[in-house]
Amino acid sequence: MQVTETNSDGLKRDFKVVIEAKEINEKVENRLRELSARVKIPGFRPGKAPIKLLKQRYGPSVLGEVLERAVTDSSAQALNERGLRPAVQPKIEIDSFEDGADLEYSMAIELLPEIQPIDFATLSLERVKIQVPDEEVTSALERLAASRKETKPLETPRPAQSGDVLVIDFKGTVHGEALPGMAGEDHHLELGSNTFIGGFEEQLIGAEVGENRTVNVTFPEGYGNEKLSGQPAVFECTVKEIRESVPAELNDELAKAMGAESLDDLRDKVKERLAQDYDGLARMRMKREILDQLSEAHEFEVPESMVDLEFDAIWQQVEQDREQGRVDPDDEGKDDEAVKAEYREIAERRVRLGLLLSEVGRLNQIEVNQDEVNKALFMEAQRHPGQEQQVVEYYRAHPEAQAQLRAPLFEDKVIDFIVDMAKVSEREVTVDQLREEEEKEAAAAAD
């Protein structure tokens, strides 16, 4: 094999590779001998058929296989011998090949840059500790109680309002005909729940106990019952009782129903969960600070092909958002070229930081083990109740999907490594102080 470097420009390299015909022929014959031991040729014992006959039968397919393997192996060998690390898959073009002649191809690659991380001990970071106010714990408990709401008869009679549960009898007709499923007795209907046909519940607001009301609605197009799809309907309703919703009482009984030992235990668990949420917020804040400092402290050329891929992913999302009527306020009033230029800067920053963190991980042998990936997979599956097994099977069958789980785990471990080496001060803040600081930082970034 002959390898000639034809171009060197920044991170880009071009090579001309020639594999002699003799080497190709040897590989073809070796592959044919391997086949001869498995295929059946009339008149010959396995492994005894002459190469000439095997070439006649299997030559073209074997040659294609050999050429593909030769290009793959030779390109990898050329890079390894020169200690080159490609940023993306090399681009290869066959320049010339004929049976019995040399194979010549061109290889264009873009290299990963040489990166020299700074001494992380020079970084100064701040970790905020957020105090969880008692009133927020109380509010969270009240929301939990509201989610377990109960209903009770009205103590003082009044017209029905949104949120009430009405006990009703109803009979419906379409063009005067009563159809199956259009009648019910003692049905409990929560006004505002949107469990009935659109417009039905709204027409019962203001009704009183004992009142008969006529409700006119139209079944939506595509309704499950073809006889009702798109048809106007009339329902005669009798309001038999109005019940108001009340939150469940905050007591030990409710706490036990939610898996706690007592109300005090539930309060502690809620406070702990809120503290974990705020710790995550504080971590994200410090991570932004780390990335900003790393971005300012490292300047190196990034592979253009990687920036292109990252920008394309960002711009695809921008276009999808636009189709759904969502436009970033920062993009309003700007032409596409200006917006694209800004997003390309973002793409370049992401690639630079990604390469830097990857290099820090490589140099310090930071890895994500399979147990950590499995834990992340389990948590992802829990986000899809009823489909856990399908989620697990999907990720196990698609290595690229597992890589998407592994990437943030790796990044977090590298960030933790950097934090352990940096100078970190701590400061306690209230939730309101944190929000005020976040708003000021966002405003400063927008200016």
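Is H175 buried or exposed? I looked this up first in the predicted model. H175 is exposed, with a relative accessible area of 63%. I located H175 in the loop between β7 (165-173) and β8 (183-190). I then noted its phi, near 55 degrees, which is a positive value in a residue other than glycine.

Entry on Q365. I found a positive phi for Q365 as well, near 55 degrees, and this residue is not glycine either. Q365 belongs to the loop between α7 (336-363) and α8 (370-382). I recorded Q365 as exposed, its relative accessible area being 70%.

Entry on helix α1. I checked the extent of α1 (residues 21-36): its 16 residues reach 22 Å from first C-alpha to last, close to the 22 Å expected at 1.5 Å a residue. I listed A21, I24, V28, R31, L32, L35 and S36 as buried in α1. These residues lie on the same side of α1, because they cover an arc of only 145 degrees around the axis.

Entry on helix α5. I compared the span of α5 (residues 263-297) with expectation: at 1.5 Å a residue, its 35 residues should span 51 Å, and the end C-alpha atoms are 51 Å apart, which agrees. Among the buried residues of α5 I noted D265, R285 and K287.

Entry on K287. Leaving aside neighbours within four places in sequence, I found K287 in contact with E411, D412 and I415.

How values were computed:
Residues are numbered from 1 along each chain as its sequence is written. This is a predicted model: local features need pLDDT of at least 70, side-chain atom pairs count only at pLDDT 80 or more; totals for chains, interfaces and linings use all residues. Side-chain values use heavy atoms; hydrogens and water are left out. Helices (H or I, at least four residues) and strands (E, at least two) are DSSP runs, numbered from the N terminus. The expected span of a helix is 1.5 Å times one less than its number of residues. Buried means under 20% relative accessible area, exposed over 50%, partly exposed in between (1.4 Å probe, protein chains only). The arc is that of the directions from the helix axis to the C-beta atoms. Contact means heavy atoms within 4.5 Å.
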